[in-house]
Amino acid sequence: MNNKAKKKSKLKLVLWSLVIIVAALFIIRPMLAPKNIGSKEIIPTRGNLTTYYSFSGSVEAKNRETVFASKAMQVKDIKVEEGQIISKDDVLMTTAFGEKITAKIDGEVSKIYAEENAQLMPGGKLIEIVDYSDLQIIVKVDEYDLPSISKDKEAVVTIHSLGKDVKGTIAEISKEGTYMNGVTFFTASIALESNSSIKVGMSAEAKILDKSVQNALLLPVSAISFDTNNKAFVNVKADKGTKTAELEIGLTDGINAEVISGISEQDIVVIQDAEKSGFRPPFARQGNQENQEDDSSPEEN
């Protein structure tokens with residue numbers, strides 16, 4: 001290869017190198033440029049904060065009776081029909097020997113198993129009676145939540161499919177628990193107020209009051225950060241930029257937190273946009289609590 005060809009080859013190599021360097025700068029430069037992190041200002045507000053324990057279950061009938069044949073018999077007459085409302089001691093059917101089989105509870109005949117003139121052996125099912133006017137839900141309560149509930153304590157029961165709340169009262173708590181996966185669970189029955197639209201089998205959630213504070217200083221949980229020692233802090237507006245204020249946190253419902261000390265209503269809290277903000281507090285039992293505030297939401301500037 002002559003000198004002229006060698007010079008052309010070197011020139012091409014230099015030109016391609018320059019092209020690669022320029023392209024790399026276009027790619028890397030945006031990555032190295034400082035990010036424009038937005039911020040917003042939050043003013044603490046006064047309001048009420050209430051937390052609840054939450055338990056799930058399904059609607060059941062408190063009283064139900066399955067009538068069985070106590071001995072071998074032949075059914076003669078069936079005196080009731082399915083859907084009929086009956087009272088305790090009403091005659092349900094008679095046997096070929098003139099014996100009367102009666103109801104032990106008030107309720108509705110939900111199912112008739114026997115037929116007239118049928119021969120039945122002892123233990124055969126005859127009739128099912130359900131009292132649909134007296135409903136309850138049965139919930140599981142772990143041993144750590146057991147101190148929060150007691151007999152006759154009120155509950156708010158949400159019927160999911162109906163989208164409505166009804167009043168409930170704890171009627172009974174089991175005296176023995178069941179050990180499962182390292183935790184012992186107890187059962188509690190919660191009696192429901194009468195409501196004709198509630199049906200057996202509907203899913204429900206019972207909320208039982210835990211704690212409540214009135215006229216508390218509130219901040220959104222999203223505005224609060226924690227340092228490596230798990231101490232809460234916020235950045236507040238100062239004469240020159242911002243300053244850090246350590247907080248003492250009280251009650252929280254996972255959305256708002258009660259501020260016991262560290263800032264006042266006159267302070268303006270400065271936070272980064274949610275997607276840019278730092279680590280957040282591991283507030284416990286957020287799903288088991290609910291907020292009630294005087295103001296609909298903290299004011300934002």
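**Note on the predicted model**

1. An open sheet of 4 strands is present, with the order β3-β10-β8-β5 and antiparallel pairing. Its edges are formed by β3 (64-68) and β5 (85-86), each of which pairs on one side only. Within this sheet, strand β8 (residues 107-112) and β10 run antiparallel and are joined over 4 bridges, and K111 stands opposite E128 in β10.

2. Since everything here rests on a predicted model, the confidence values deserve attention before the details are used. The mean pLDDT of the protein is 84, and 78% of its residues reach 70 or more. Confidence is highest in strand β10 (residues 125-130), at a mean of 97, and lowest in strand β23 (residues 299-300), at 42. Over residues 281-301 the pLDDT is below 50, although the model gives this stretch 59 contacts beyond near neighbours in sequence. Residues 274-279 also stay under 50 in pLDDT, and for them the model has 7 contacts beyond four places in sequence.

3. As to overall composition, the protein has 1 helix and 23 strands, and buried residues make up 35% of its 301 residues. Among contacts between residues at least 6 apart in sequence, 69% join residues that are at least 24 apart. The accessible surface comes to about 18,800 Å², and 51% of that surface belongs to carbon and sulfur atoms.

4. The largest nonpolar core has 23 residues, of which V59, I137, V157 and I190 touch the most other members. Two or more residues are contributed to this core by each of the elements β2 (45-61), β11 (135-142), β12 (154-159), β13 (164-173), β15 (183-192) and β16 (203-220). Not counting residues up to four places away in sequence, I190 touches L135, Q136, I137, V139, A155, V157, G168, T169, I170, A171 and A206. A second, separate core of 19 residues includes V67, M93, A114 and L120.

5. The pairing around β13 can be followed strand by strand. On one hand, β12 and β13 run antiparallel and are joined by 6 bridges, with V157 standing opposite V166 in β13. These two strands form a hairpin with 4 residues between them, and G163 in the turn has a positive phi of about 65°. On the other hand, β13 and β15 pair in the antiparallel sense over 5 bridges, and in this pairing E172 stands opposite S189 in β15.

6. Leaving aside neighbours within four places in sequence, I170 is in contact with I149, S150, K151, D152, K153, S189, I190 and I208. One of these partners, S150, is 20 residues away from I170 along the chain, while the C-alpha atoms of the two are separated by 6.9 Å.

7. The side chain of T50 is joined to that of S212 by a polar contact of 3.3 Å.

Terms used:
Residues are numbered from 1 along each chain as its sequence is written. This is a predicted model: local features need pLDDT of at least 70, side-chain atom pairs count only at pLDDT 80 or more; totals for chains, interfaces and linings use all residues. Side-chain values use heavy atoms; hydrogens and water are left out. pLDDT is the predictor's confidence in each residue, from 0 to 100. Contact means heavy atoms within 4.5 Å. A nonpolar core is a set of buried Ala, Val, Leu, Ile, Met, Phe, Trp, Tyr and Cys residues joined through side-chain atoms within 4.5 Å. Buried means under 20% relative accessible area, exposed over 50%, partly exposed in between (1.4 Å probe, protein chains only). Two strands pair if DSSP finds at least two bridges between them. Accessible areas come from the Shrake-Rupley method with a 1.4 Å probe; for residues, only the protein chains shown count as cover. A polar contact is a pair of N or O atoms within 3.5 Å; within protein, one must be able to donate a hydrogen and the other to accept it, and residues adjacent in sequence count only if both atoms are side-chain atoms.
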